[in-house]
Amino acid sequence: MDARTAEFLEHIQSGGLVETGDWMPDEYRARLTKFVEMHANSELMGVLPERDWILRAPTLQRKLALTAKIQDEVGHAQLLYRVVEDLGKPRDACLDDLIAGRSKFHNVFHYPTRTWGDVGVIAWLVDAAAIISQKALLKCSYAPYGRIMRKICWEESFHILHGRDVVLTLVTGSDAQRELVQEALDRWWEPLMMFHGNPIPAGEDPMVHWRIKSQANEDARQQFLEGYVPQVWELGLTLPDAKLRRRDDGVWEYTEPDWERLMAVVSGHGPASAERLAFRRLSRAEVDWVSRTVLAEAA
Amino acid sequence: MAVVFEVFRREREGAAMQHAGSISAPDERFAEIYAREQYGRRGESEALWLVPRDAVHEIDEFVDEFDLKYRRVDGYSIKERLKEARERAGTVQG
């Protein structure tokens, strides 16, 4: 490692921050760009499962709330792609890589949504899992990313509330409505347990080394289990893992997810991966004339 | 070509403008629409400033060549002298 990189590393590891115009080692820039880009892709792809439900939302109020949530997520994607652009990768290149399957997005957005129950479970628990990771990113060594995360976390907190409201409405409704939530939980539990990634120790995680992330994957998952399993159980709902329990020392035990399956899902082999990417390709082609027109007009 | 605009927002009346983030837009008309949506749609701002990034003149080096400590609080160490003054005046406590 050269002296300049060593100095940079010492700066960030002792809590120092980095701004857009600052010098940074190539490895740091590359890892950070890839990480924020995946985050941006996830926000953009994350609206597709919800978009499917705008027309099928059970009431006007739900339709409006869902549409607002979708607007928030697309807004997050725009803010995050801006961060990526300032790191040197243009938005067009990000979108090209996304639709060509060259870059990744979060595992949970590779699955289909079967019922309105899925919409509630996604907004409540997927957003809850996401906000745990996102809160840890407030402390990212790259300050522009941390600052944007403040706004994102603020908006995600509405989504959790919206999701919880949907779930509570269903579990206090008819038996069939309650069953929608239970079935959705059964479907989503595995992807949720995979959400925070394999339990790589913080000391071996290059993202922690560069202080892009400050939280080990397993810590995030434990925080999720501690915060939300009791909330699920108190509604009389069950989770499809016979091993799931809280030990006396506060650590949650669970059935180890199949990490190879997670790798397969995020590399484009999930149940809905192909369909989602095809839709994104289609919408990119459909709106291409809009960006060409507005950019030409401005020029 | 899209232009990057830095967005500043005032959270409530009387507060200072603070940097909120940036947006990319083809021109000022689009920039206004994007900024309203991105930074004002929940009533979280009562005013926004949009500044093309190129118009921002940044200064990020502040060299203290002449050690101008007398302009800062750390330039004044009164503890010892206060003690001496109190002793002379005979007002030292307990």
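Start by selecting residues 60-86 of chain A, which make up helix 3, and residues 143-171 of chain A, helix 6: the two pack at an angle of about 165°, their axes 11 Å apart. Angles over 145 degrees count as roughly antiparallel, so helix 3 of chain A is roughly antiparallel to helix 6 of chain A. Keep in mind as you look around that this is a predicted model.

Now show some side chains. On helix 3 of chain A, the contact includes A:Ala65, A:Lys69, A:Asp72 and A:His76, while helix 6 of chain A brings in, among others, A:Tyr145, A:Ile148, A:Glu155 and A:His159. Colour the residues of this contact by type and you get 8 nonpolar, 3 polar and 4 charged.

Next, zoom out to the whole of chain A. You'll find 11 helices and 2 strands, and along the sequence they run α-α-α-α-α-α-α-α-α-β-β-α-α. The radius of gyration of chain A is 20 Å, close to the 19 Å from the globule rule for 299 residues, so chain A is as compact as a globular protein of that length. Its C-alpha atoms fill a box of roughly 65 × 60 × 30 Å along the principal axes. Of the 299 residues of chain A, 37% count as buried.

Last stop: chain B. Select the place where 11 residues of chain B are in contact with 10 residues of chain A. Which part of chain B gives the largest share of that side? Strand 2 of chain B does, with 4 residues. Helix 1 (28-40) of chain B also supplies at least two. By type, the residues on this side of chain B are 5 nonpolar, 4 polar and 2 charged.

Methods: Residues numbered from 1 in each chain as written. Chains lettered and ligands numbered in written order. Predicted model: local features only at pLDDT ≥ 70, side-chain atom pairs only at ≥ 80, totals over all residues. Axes fitted to C-alpha atoms, helices over the stretch in contact; angles between N-to-C directions. Parallel < 35°, antiparallel > 145°, perpendicular 65-115°, else oblique. Contact = placed C-beta atoms within 7 Å. Nonpolar A, V, L, I, M, F, W, Y, C, P; charged D, E, K, R; others polar. Rg over C-alpha atoms; globule rule 2.2 N^0.38 Å. Buried ≥ 20, exposed ≤ 12 C-beta atoms within 10 Å, placed from the backbone.
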